[in-house]
Amino acid sequence: MNSAAWERVDELIDKNQNKTIKDYFAEDPERAQRFSLEAAGWFLDYSKNRIDAEMMKALVKLAEKSDLKAEIEKMFTGKKINATEDRAVLHTALRNMDPKAKIKVDGKDVMPGVRKVLAAMGDFSDTVRRGVWRGFTGKRIKYVVNIGIGGSDLGPVMANLALTPYTKRNMKFFFVSNVDSTHLAETLREIKAAETLFIVASKTFTTQETMSNAEAAKDWLVQQLGSKKAVAKHFVALSTAADEVSKFGIDVKNMFGFWDWVGGRYSLPSAIGLSLMIAIGRNNYKKLLKGYYKMDRHFRTARFERNMPVILALLGILYHNGYGAESYSVLPYDQYLSRFPAYLQQMDMESNGKCVDKNGEPVTYTTGPIEWGEPGTNGQHSFYQLIHQGTHLIPCDFIGCSVTHNPIGDLHDKLMANLFAQTEALAFGKTAEECEKEGVEKKLIPFKTFEGNKPTNTLLCEKLTPETLGALVALYEHKVFVQGVIWNVYSYDQWGVQLGKVLAKGVLADLTAKKPSMKHDASTNQLIARYRKAVGR
């Protein structure tokens with residue numbers, strides 16, 4: 001992180017340490033308009049933050065000194081910015097709607113391949129939705145089960161729920177990720193083999209959790225339908241490993257590929273989105289990509305002072321590095337977005353949870369805040385107490401949609417009233433004097449006083465649609481990218497997930513062997529022995 005630019009931010013934090021959000025509003029009647037902007041169908045009000053024009057100027061300077069503009073261009077033009085894996089980072093190419101676009105990696109234009117896979121996905125999804133694709137016994141597909149993990153699961157799960165109003169309601173969609181047998185078993189209880197399509201999402205077709213679940217699902221299907229030939233009519237693959245796919249029993253004609261420049265947590269617009277395309281149809285899927293593309297263009301072209309992803313990123317760095325906030329909360333006031341915080345957890349924490357910089361040197365500042373959240377108003381009756389009156393500073397992003405898909409009485413008015421009221425309460429609080437005027441008993445005043453000065457952003461769209469969802473996901477993708485650039489870390493590798501996977505192979509061998517090696521530490525050996533005893537080994 002550029003130390004000289006950060007020093008100016010630090011100076012302003014010290015200068016304004018006694019100023020509150022309430023003070024800033026009192027000083028500037030135009031503040032709400034000044035610190036708001038619109039892009040790609042979303043309106044952002046960031047006026048309820050501990051900022052003024054001087055602070056925002058300093059934060060923008062920090063972005064400029066980090067060479068952010070050049071880094072953005074490197075990503076969009078296919079440079080290998082994932083240096084530890086020698087890969088480009090081109091999820092933006094997956095939703096590039098410009099028919100003339102050419103984006104080269106190693107001298108080869110990737111766009112024809114992107115368009116080819118998208119068209120193949122569309123054709124296949126049409127055959128399933130229209131009942132042209134039939135199962136082994138000739139029945140239509142009624143159930144779709146996506147088997148994946150991480151980015152091959154979280155994105156489709158989140159988006160399928162978010163776009164429920166656009167899904168084909170006479171079909172049911174399930175997502176199996178956990179290697180815990182319960183996840184698969186409970187899904188199998190809900191479906192009928194003759195009417196089920198399994199989508200196996202694994203680039204290498206060797207991912208332990210995914211392939212273990214896929215093999216178990218295959219065994220179940222064969223047992224139910226009485227023939228191994230049934231596999232070809234009930235399984236398709238999202239992969240590039242043709243040999244492995246064929247060995248599994250899937251016709252490689254029903255394999256949808258993607259590329260090593262697509263990171264798992266950014267892969268929803270790739271073939272990984274096949275289950276979503278079947279659910280909402282190819283036209284709605286294209287609208288999703290259009291939303292992504294609109295936010296991509298905004299991010300690439302807007303000046304930093306009016307750039308929504310950049311602003312969110314800079315505010316996050318202000319609180320994380322300037323005020324010591326260890327986490328931030330994303331609070332969607334829309335039940336359809338209830339899995340959005342979980343989706344963002346992987347995007348944010350797997351990307352920027354890094355302790356060394358791009359030179360391999362330990363960072364001297366904190367990176368990767370903890371992201372968490374739940375939909376409103378549920379969270380209000382759960383953890384908001386901590387946000388309002390606890391000792392932790394927790395910046396919050398509130399997300400809402402002005403028009404509901406399900407108008408019932410005045411429920412939506414009440415939902416949105418709560419959203420707006422929470423940001424007001426967090427920003428302005430309630431003083432002891434105000435409590436006293438309301439007649440609060442003196443001994444209770446300390447308990448009913450709210451400090452306020454809690455920072456929030458509010459994101460509003462007119463309605464949650466495929467297009468606004470695509471734009472929202474892209475907004476947070478680019479926010480994470482900007483923070484990685486400023487922290488000078490590689491956001492697109494995830495070496496931290498590898499060690500546990502490697503060690504698990506040795507532990508598994510000891511759990512199942514006739515005679516375990518017991519070469520682990522004393523604690524792990526004890527746990528292995530206890531498990532073996534419980535299962536009779």
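Helices (H or I, at least four residues) and strands (E, at least two) are taken here as DSSP runs, numbered from the N terminus. The model is a predicted one, so local features need pLDDT of at least 70 and side-chain atom pairs count only at pLDDT 80 or more, while totals for chains, interfaces and linings use all residues. Residues are numbered from 1 along each chain as its sequence is written, and side-chain values use heavy atoms, leaving out hydrogens and water.

Aspartate 106 is not a glycine, yet its phi is positive, at about 55 degrees. With a relative accessible area of 66%, aspartate 106 counts as exposed (exposed is over 50% relative accessible area, buried under 20%, and partly exposed in between, with a 1.4 Å probe and protein chains only).

Next comes α20 and what follows it. Helix α20 has 22 residues and reaches 32 Å from its first C-alpha to its last, close to the 32 Å expected at 1.5 Å a residue (the expected span being 1.5 Å times one less than the number of residues). Of those 22 residues, 21 are buried, so α20 is largely enclosed by the rest of the structure. Just after α20, asparagine 488 takes a positive phi of about 60 degrees. Asparagine 488 is in the loop between α20 (466–487) and α21 (498–512) and is partly exposed, its relative accessible area being 24%.

Lastly, there is a cis peptide bond, from glycine 376 to threonine 377, with omega near 10 degrees. Threonine 377 sits in the loop between β11 (370–372) and α16 (384–389).
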